[in-house]
Amino acid sequence: MSDEPGMSAEEMIGRLEGALSPWRRAGGVVALIAGVAGAIFVVLLWATEPGPLPGHTQLAFALLTGFCLAWAGYGGWVIARRVPLFALDRVIAGWLAVAASTVTTALVVAVAAGRGAGVIPAVVGGITFIAVSAVVTVRAHAVRAALLRRRRELGA
């Protein structure tokens, strides 16, 4: 149990999972700033095209804008939470990375195939990003599961 009388399970959990570290906070700020800057850049690039764009190009711009806004939202959420909740921030970041790398890979491969050049480097690069983001996501789930298991052990 606890060395201190009267310590609740929530207080014990609070000791296990401290406030957001400076590195995590910096990561949240970077995600927020990069997401907002990326969204602004993509929207401005999209809006200043000299002529009408094909539908698939507009879809690509919309998806990239959406991913940038998702990262900005994630960064804002991390900063606002101030305390990680059983590593949920890691799981969300991992899934955002998997989704973004998968869709980006599909777009890059489609463009490369449409132009008839560079498909193999696009596939290899994309698969590398997908694999790395998948490993990060699996590790995040493992850390979260361990924390939740510990919480159950403490009787919370």
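Predicted model: local features only at pLDDT ≥ 70, side-chain atom pairs only at ≥ 80, totals over all residues.
Q: What share of the residues of the protein count as buried?
A: A residue counts as buried when its relative accessible area is under 20%. Of the 156 residues here, 24% count as buried. The protein exposes about 9,900 Å², and carbon and sulfur atoms supply 72% of that area.

Q: What share of the contacts with a separation of 6 or more comes from residues 24 or more positions apart?
A: Separation is counted in positions along the sequence. In this protein, residues 24 or more positions apart account for 72% of the contacts with a separation of 6 or more.

Q: How many aromatic pairs does the structure hold?
A: The structure holds three aromatic pairs. One of them joins Trp46 and Phe61, whose ring centres are 5.6 Å apart.

Q: Why is the pair of Trp46 and Phe61 stacked?
A: Planes under 30 degrees apart count as stacked. The planes of Trp46 and Phe61 stand at 10°, so this pair is stacked. The pair links distant parts of the chain, with Trp46 in helix H2 (residues 22-47) and Phe61 in helix H3, 15 residues apart.

Q: Are Trp46 and Phe61 buried or partly exposed?
A: The relative accessible area is again the value to read. Trp46 has 26% and is partly exposed, whereas Phe61 has 12% and counts as buried.

Q: Is the pair of Trp71 and Tyr74 stacked or edge-to-face?
A: Planes over 60 degrees apart count as edge-to-face. Trp71 and Tyr74 have 90° between their planes and 5.7 Å from centre to centre, and their pair is edge-to-face. Both residues lie in helix H3, three residues apart, which is about one turn of the helix. Trp71 is partly exposed at 24% relative accessibility, while Tyr74 is buried at 12%.

Q: Which residues form one aromatic cluster?
A: Trp71 and Tyr74 belong to a cluster together with Trp77.

Q: What is the volume of the largest pocket, and which residues lie nearest its centre?
A: A pocket can be described by its volume and by its lining. The largest pocket has a volume of about 330 Å³. Its lining comprises 13 residues, and those nearest the centre are His56, Thr57, Ala60, Leu107 and Val111.

Q: Which helix gives the most to the lining of the largest pocket?
A: Helix H3 (55-81) and helix H4 (88-115) each supply at least two residues of this lining. H4 gives the most, with seven residues. By class, the lining of the largest pocket has eight nonpolar, four polar and one charged residues.

Q: What is the volume of the second largest pocket?
A: The volume of the second largest pocket is about 250 Å³. Among the 13 residues that line this pocket, Ala97, Ala100, Ser101, Thr104 and Phe129 are the closest to its centre.

Methods:
Residues numbered from 1 in each chain as written. Heavy atoms only, no water. 1 Å grid on protein atoms, 1.4 Å probe; cavity = no way out; pocket = protein on both sides within 12 Å on 5 of 7 lines; lining within 4 Å. Points joined across faces, edges and corners; volume = space filled by probe spheres on them. Helix = DSSP H or I, 4+ residues; strand = E, 2+ residues; numbered from the N terminus. Nonpolar A, V, L, I, M, F, W, Y, C, P; charged D, E, K, R; others polar. Buried < 20%, exposed > 50% of the residue type's maximum accessible area, 1.4 Å probe, protein only. Contact = heavy atoms within 4.5 Å. Areas by Shrake-Rupley, 256 points an atom, 1.4 Å probe, with all protein chains shown as cover. Phe/Tyr/Trp six-rings, centres within 6.5 Å; stacked < 30°, edge-to-face > 60°.
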